[in-house]
Amino acid sequence: RDDVVFHLWGDGKESERLRALAAELGLDGILEFKGPTEDPEGALAQMDIFAYPTTGESVGWVVLEAMAMALPVISSEVGAVPTFVRPGETGFLMQPNEEPEVLAGLIETLLSDPELSTSFGQASRQLMVQECDLEAFGASYTGLYEAVVGSQHLRAKAAGDPGAGGLGPEGLGASGFSTRNSEL
């Protein structure tokens, strides 16, 4: 297709090899190497589709950022990504190390069906608003923190630890977390 430009963001050990391969294949004007960015929202705003064919990522925060910006997502089925990318609803999942033709076919599906692409993007945004707002994440972390503290407290108490009575200097100590306040 001559109506598509692929933007490759980031940098890494494969950058030089990929640039050489792109030049060898004559992909100038079709594939643009953007390098690292300090402005992921600006980078995502330039996209119509977000493809993330990673071989391993625990959460894939950039996937959540893309979804928050109402982009349809194509990603590898790794880590927590399948929790958010729901095939046929918010995008497509593929196996890690899948053949490149699979990714190309999924991209072509979205490019050739703008209504489907828009529908996936809107569903992605809606999912982020409903399930990934700061209050929901805060409540989740609070519950996790309370479960860990309670578990450690009970184990210490069962072991006869006299300092297991509280969270002060003799107990578990104090800790916390913070989040950057931003809108989806």
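On one side of helix H6 (residues 114–131), Glu115, Gln122 and Gln130 are exposed, where exposed stands for over 50% relative accessible area, buried for under 20%, with a 1.4 Å probe and protein chains only. This is a predicted model, in which local features need pLDDT of at least 70, side-chain atom pairs count only at pLDDT 80 or more, and totals for chains, interfaces and linings use all residues. Residues are numbered from 1 along each chain as its sequence is written, and side-chain values use heavy atoms, leaving out hydrogens and water.

**Helix H6**
- H6 has 18 residues and reaches 25 Å from its first C-alpha to its last, close to the 26 Å expected at 1.5 Å a residue, that expectation being 1.5 Å times one less than the number of residues.
- Ser117, Phe120, Gly121, Ser124, Leu127 and Met128 of H6 are buried.

**Strand E4 and its partners**
- Strand E4 (residues 73–76) is covered on both faces, with Val73 and Ser75 buried on one side and Ile74 and Ser76 buried on the other.
- Strand E3 (residues 50–52) pairs with E4 in the parallel sense over three bridges, pairing being at least two bridges found by DSSP, and Val73 in E4 is the bridge partner of Phe50.
- E4 and strand E5 (residues 91–94) run parallel and are joined by four bridges, with Leu93 in E5 as the bridge partner of Ser75.

Key. Helices (H or I, at least four residues) and strands (E, at least two) are DSSP runs, numbered from the N terminus.
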